[in-house]
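The sequence and model are shown first.

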Amino acid sequence: MQGVVYKSTGSWYTVKNQAGHIYNARIKGIFKIDEITSTNPIAVGDKVKMELENEIENTATITEILSRKNYVNRQSPRQKHQHHIIAANLDQSILFATLKEPRTSQGFIDRFLVACEMFHVPAAVVFNKADLYRKKEEQRYEELKQMYEQIGYKTFLVSVEKQTGIEEVKELLTSKISLLSGHSGVGKSSFINIIYPELSLKTQDVSGWSGKGLHTTTFAEMYDLPFGGKIIDTPGMREFGLVDLSKQELSHYFPEMRERINDCQFNNCLHINEPGCAIKKAVENEEINIDRYVSYCNILDSIEETKY
Ligand SMILES: Nc1nc2c(ncn2[C@@H]2O[C@H](COP(=O)(O)OP(=O)(O)OP(=O)(O)O)[C@@H](O)[C@H]2O)c(=O)[nH]1
Ligand SMILES: [Mg+2]
Ligand SMILES: [Zn+2]
């Protein structure tokens with residue numbers, strides 16, 4: 001039988017088959033998947049074939065993983081040279097960000113967007129905790145909204161606490177498979193509880209953000225939404241380590257740069273000091289936002305090229 005992975009806790013996977021039955025499944029033997037070396041061979045969202053192990057205990061053995069439409073991965077937080085697949089077969093990826101308690105940096109948002117571009121997953125950014133924003137944060141949100149929408153990323157302003165702006169995000173999620181990511185404490189699970197109260201997901205119990213960055217959600221898990229579609233809640237991440245990215249290709253993952261790189265004088269231009277660079281010119285003319293260019297330079301600096 002065939003099923004979809006809803007949760008992975010290491011060696012066991014929660015898999016739902018086409019009839020809606022849930023099994024505890026595991027892999028037996030060595031399992032080779034694609035050419036990816038990841039710390040987790042099977043991720044939430046994966047479609048798998050399995051054989052029933054024990055009908056009473058609802059256990060099954062995964063025998064095959066079907067090819068992925070796409071996936072999002074990042075550097076394993078523990079082993080830098082290993083990948084960790086966050087989820088597979090997505091329609092979109094939504095970053096939860098906050099401008100206060102905790103503050104999500106623009107650098108983090110841009111790294112996340114680069115990852116989504118690399119994997120061809122459409123991305124949107126939801127800014128939560130609007131109830132905590134004062135003039136300064138409200139202005140910052142407007143700047144960010146303008147900056148991101150100009151280059152094709154939708155942004156939303158919501159308050160899970162005051163239940164404002166929720167309908168627009170609900171609409172975005174309807175009938176889609178969506179990944180929710182972001183720092184710990186930004187309100188991902190609280191948001192899911194608002195749109196699907198019967199779930200009663202565990203959220204940080206203190207009122208507001210403790211500042212300790214403790215993870216309340218510990219494993220990624222997918223849920224069927226009552227209004228159609230699926231959502232994947234994930235544990236908060238501190239950093240977004242990009243994998244398999246070369247300096248040369250980075251600008252392809254900035255949509256506002258991608259459309260201009262053919263105008264650079266040199267086809268291997270890194271858009272730093274090269275003469276006749278169309279990107280630097282566009283930054284000077286304010287056609288490309290300087291803050292996005294700074295993010296580009298920071299990511300470029302962080303890429304370690306393999307030396308041959
Ligand atoms: N003021 C305010 N607090 C919020 C809002 N949304 C969530 N919170 C609070 O923020 C804290 C963290 O919320 P969670 O939903 O647990 O955050 P999370 O993103 O799921 O965190 P992890 O599971 O650790 O990744 C909780 O105490 C929530 O009550 C909001 O819109 N405004
Ligand atoms: Mg959570
Ligand atoms: Zn250039």
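The magnesium ion (ligand 2) is coordinated by S189 (OG) and T217 (OG1) at 2.0 to 2.2 Å; donors are N, O and S atoms within 2.8 Å of the metal (3.2 Å for Na, K and Ca), and water is not among the atoms, so sites may look incomplete. These two residues link distant parts of the chain, 28 residues apart: S189 belongs to helix α4 (residues 188-195), and T217 to the loop between α4 and β12 (221-224). Helices (H or I, at least four residues) and strands (E, at least two) are DSSP runs, numbered from the N terminus. Both S189 and T217 are buried, where buried means under 20% relative accessible area, exposed over 50% and partly exposed in between (1.4 Å probe, protein chains only).

The model is predicted: local features need pLDDT of at least 70 and side-chain atom pairs pLDDT 80 or more, while totals for chains, interfaces and linings use all residues. Residues are numbered from 1 along each chain as its sequence is written, chains are lettered from A and ligands numbered from 1 in the order in which they are written, and side-chain values use heavy atoms, with hydrogens and water left out.

Ideal angles for four tetrahedral donors are 109.5 degrees. C264 is buried at 9% relative accessible area, as is C269 at 4%.

Axes are lines fitted to C-alpha atoms, for helices over the stretch in contact, and angles run from 0 to 180 degrees between N-to-C directions.

| Pair | Axis distance | Angle |
|---|---|---|
| α1 and α2 (residues 135-150) | within 13 Å | roughly 25 degrees |
| α1 and α7 (residues 290-302) | 10 Å | about 70 degrees |

Contact means heavy atoms within 4.5 Å. Residues of α1 including Q106 and L113 meet α2 residues, among them R140 and Y148.

D224 lies in strand β12 and is partly exposed at 27% relative accessibility. Beyond neighbours within four places in sequence, D224 contacts Y6, K16, Y196, G229 and K230. Y6 is 218 residues away in sequence, with a C-alpha to C-alpha distance of 9.5 Å.
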